[in-house]
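User: Hi, I'm new to this one. Can you walk me through a few parts of the structure?

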Amino acid sequence: MSVLTRDEALSRARLLDVHRYTIELDLTTGDETFGSRTAIRFTAHTDGDTFVEIKPAELRSVTLDGQPLDPDSLDGNRIALKNLAAGAHELRVDADMRYSRTGEGMHRFTDPSDGETYLYTQLFMDDVQRVFAAFDQPDLKAVFDLTVRAPEGWTVLANGITEHLGDGQWRAATTPLISTYLVAVAAGPWHSVRTEHRGLPFGLHCRRSLAPHLDADADELLDITRACFDRYHEKFEEPYPFDSYDQAFVPEFNAGAMENPGLVTFRDEFVYRSAVTDTERQTRAMVVAHEMAHMWFGDLVTLTWWDDIWLNESFAEYMGYQTLTEATRFTDTWTDFGVVRKAWGYDADQRPSTHPVAPEDVPDTASALLNFDGISYAKGASALRQLVTWLGEKDFLAGINTHFARHRFANATLADFIDSLAAGTDRDVHAWADAWLRTTGVDTLTPAVTGDNGDHHLTVERTGNRPHRIAVGLYDLDLPGDEGRLTRRARLELDVPQDAPVPIGKRPTLLLLNDGDLTYAKIRFDAHSFQGVTANLCGLPDPLTRAVVWNALRDAVRDGELAPTAYLDAARAHLPHETDLALAQGVLAFAGGQIAGRYLDPADRPAALASLSALCRALIRRTEDGDHPGLRLIAVRHFISVAAQPDTIAAWLADGTVPGGPELDPDLRWRVLARLAVLGATDESAIAAELDRDPSATGREGAARCRAALPDEDAKARAWAAMFASDDLSNYLFTATAQGFWQPEQADLVRPYVSRYYEDAVAVAARRGPAIADAAGHWAFPAHAVDPEALALGDTCLRDTDPIPALRRKLTDQLDDLRRALKVRTA
């Protein structure tokens with residue numbers, strides 16, 4: 001299959017205007033394929049040659065202006081259209097298309113709970129070609145007319161309001177001008193909750209087996225949807241540009257969600273079957289806000305080519321967090337961003353695969369797919385937050401509204417956007433964009449304090465070249481009696497680089513750069529502040545301030561400047577006093593996953609697990625009063641994940657509850673069983689019994705995870721064969737199996753598979769495509785094997801084989817993380 005190059009897209013856009021697609025899909029033709037008929041009306045500006053894309057199971061017929069073309073002329077995914085004359089044309093394509101089991105194209109899923117089948121499209125990048133014929137590039141927008149034949153009893157959802165015509169026929173309202181990758185269909189016996197807001201129909205949809213869980217949260221979801229919708233209308237002069245707003249929670253979805261106009265699709269893990277923390281509810285709300293922002297950033301105004309992914313994702317990320325903070329009860333979203341998303345961006349930006357937020361060289365769609373990462377999302381959003389700090393929100397919103405007015409229902413580039421921003425401010429936005437969006441890497445800011453006798457001055461030293469507008473917090477210990485509590489004496493705002501040192505008076509206990517987390521940079525402490533913060537971290541009153549400190553400690557560990565055990569010491573000292581759920585979860589996840597799992601020598605792992613178990617026990621004891629259920633749930637989950645002995649958690653499973661609560665819901669039961677499998681304290685019969693108890697799709701994934709985790713040669717062989725020797729596993733079952741397979745406690749048992757991994761991963765990625773390549777490179781990678789031999793195997797693979805781009809990128813990142821882990825161990 002040929003990927004589309006930027007040069008080809010430019011040539012085709014100069015040649016064609018595409019006006020209308022008329023698409024007929026028949027979803028009643030069997031379990032393997034569906035019917036797809038497409039008529040495309042377009043105009044050629046001059047005489048010339050071009051092509052249309054499609055990836056059919058069978059191409060039955062192609063006609064251009066009534067004249068048949070040879071179906072056998074299909075070359076990979078391209079049908080050549082030669083000798084086009086200038087003027088109007090109509091292309092008709094009739095084909096059978098394959099259903100997907102990997103979340104790409106038209107995904108087909110049968111719910112094991114009740115046997116019902118559901119279909120949905122994910123047409124991002126070049127997967128529209130798996131569903132219908134298209135001139136598949138974002139700047140050839142068109143209107144779409146869609147009809148669908150579906151089994152009786154099904155509901156069909158699409159970008160516009162759908163109408164049931166009878167006899168299984170459904171028709172969707174004609175769309176405005178949108179890009180091919182944004183077309184969406186979801187079909188099945190959906191459970192729906194419908195309402196109206198501002199005269200527009202709103203809907204929530206999920207599988208029938210999840211209906212009670214969606215109903216339980218419908219008010220919360222709709223309240224968030226309405227609040228964000230109203231807030232965006234306060235920010236944006238351009239009204240919501242589509243005729244309805246449906247949110248469908250779909251099975252085995254590869255991303256968090258997809259911003260299809262009028263029909264946003266979400267992974268249906270967001271329909272919670274088990275207890276979750278308030279931070280997890282906040283994350284779901286942020287995704288709702290993020291995807292709604294895309295209705296303007298991405299759908300109304302769309303990137304011209306994939307080098308401007310940030311125009312979609314960075315803006316939706318920033319707007320999602322900011323709008324949620326302004327419009328809903330979730331007022332501390334930037335703490336979660338700092339803990340989770342920003343760390344994602346920092347990590348991605350320090351790997352060899354890093355790229356600018358707005359890269360200048362994205363030669364083809366395969367390259368573009370690799371840039372949906374922590375840089376395009378988290379770093380880009382961080383840069384925008386810094387831009388708002390520097391520019392002021394009023395001028396920022398004025399530039400956005402100018403951008404919408406200039407490019408509505410059309411396409412735009414970075415240059416277009418910067419011009420729109422510059423129109424409303426005296427600031428040099430072009431220079432800002434060059435410094436922030438065209439460069440790579442993370443700046444590091446370090447304080448230097450000089451002076452004595454209460455007359456000190458601050459200079460901020462910078463590695464890197466970006467300008468920063470930051471806040472500096474000066475924190476002092478309170479009077480005796482409030483021992484350990486830090487109070488901010490002053491908050492300074494300054495630009496880096498500085499014109500001159502800044503007077504700060506007496507030396508504070510803690511001098512904190514980037515207080516409020518307004519810029520994107522790693523920070524360091526002066527020696528005096530390091531002592532003050534490690535002794536008194538839990539005494540900082542603001543969770544966002546504590547997030548900046550925890551991120552600084554995390555970065556210092558990753559950079560080999562702070563011993564991993566020192567981070568564990570800080571966690572043990574301060575986390576028992578933590579109240580913010582995002583911070584508790586983030587610190588425990590890093591301590592358990594990276595420090596105990598990778599950064600410490602295997603001989604030191606038992607002591608680290610014992611320390612984390614004691615920490616979790618302390619949190620469980622602290623929450624016995626029932627006032628902090630979210631914190632207690634986090635502590636219980638992590639106690640399970642670090643358990644070195646099976647007795648306590650096995651007793652929880654047998655009793656169906658943690659003493660004092662919570663009761664073990666399906667999620668906790670599968671967590672316990674998976675850890676018991678790792679420890680060799682359960683067996684196949686117990687896994688089968690649990691699956692009988694929970695025969696859902698999530699239960700099936702839990703069983704796959706547990707079976708792969710059993711410390712048994714036959715179990716490992718079966719799991720490996722399921723992942724790499726067969727193509728039967730769906731994307732979710734592949735991931736679950738991979739998650740169970742590698743365990744640090746089983747290093748000797750799985751050692752032979754480390755050398756097998758690379759050849760098998762390259763082969764399965766080539767056969768099954770980017771979605772499975774991503775899972776194989778992420779979840780199936782032997783991350784526990786932190787040794788030079790494993791690194792040499794990976795380097796040889798990248799040098800001597802040719803993995804598809806999605807796998808090559810994942811392996812490049814994994815091997816860089818492995819080098820970092822080795823460096824941390826030796827440091």
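User: Is β8 buried or exposed, for the most part?

Analyst: Mostly covered: five of the six residues of β8 are buried. Buried means under 20% relative accessible area, with exposed over 50% and partly exposed in between (1.4 Å probe, protein chains only). Strands here are DSSP runs of E, at least two residues long, and helices are runs of H or I, at least four residues long, numbered from the N terminus. Keep in mind that this is a predicted model: local features need pLDDT of at least 70, side-chain atom pairs count only at pLDDT 80 or more, and totals for chains, interfaces and linings use all residues. Residues are numbered from 1 along each chain as its sequence is written, and side-chain values use heavy atoms, leaving out hydrogens and water.

User: Which strand does β8 join, and over how many bridges?

Analyst: Six bridges link β8 to β9 (residues 117–122), and the two run antiparallel. Strands count as paired if DSSP finds at least two bridges between them. R108 has L119 in β9 as its bridge partner. The β8 and β9 hairpin has six residues between the strands, and G115 there takes a positive phi near 80°.

User: What sheet is that part of?

Analyst: An open, antiparallel sheet of four strands, in the order β8-β9-β14-β11. Its edge strands are β8 (105–110) and β11 (155–158), each pairing on one side only. On average, neighbouring strands of this sheet are turned by 10° against each other, direction ignored. The angles are between N-to-C directions, from 0 to 180 degrees, of lines fitted to C-alpha atoms.

User: Next, β13. Which residues are on its covered face?

Analyst: W170 and A172 are on the covered face of β13 (residues 169–172), while Q169 and R171 are on the uncovered one.

User: And what pairs with β13?

Analyst: β10 (residues 143–149) pairs with β13 in the antiparallel sense, over four bridges. R149 stands opposite Q169 there. β12 (residues 162–166) also pairs antiparallel with β13 over four bridges. In that pairing, T162 has A172 as its partner. β12 and β13 form a hairpin with two residues between them, and D167 in the turn has a positive phi of about 55°.

User: Which helices supply the lining?

Analyst: α14 (581–599), α15 (605–622), α23 (747–768) and α25 (788–800) each supply at least two residues of it. The lining divides into 13 nonpolar, two polar and six charged residues. Ala, Val, Leu, Ile, Met, Phe, Trp, Tyr, Cys and Pro count as nonpolar, Asp, Glu, Lys and Arg as charged, and the others, Gly among them, as polar.

User: Last one: A761. Why does A761 count as buried?

Analyst: Because its relative accessibility is 0%. A761 is in helix α23. A761 touches F724 and L807, not counting residues up to four places away in sequence; contact means heavy atoms within 4.5 Å.
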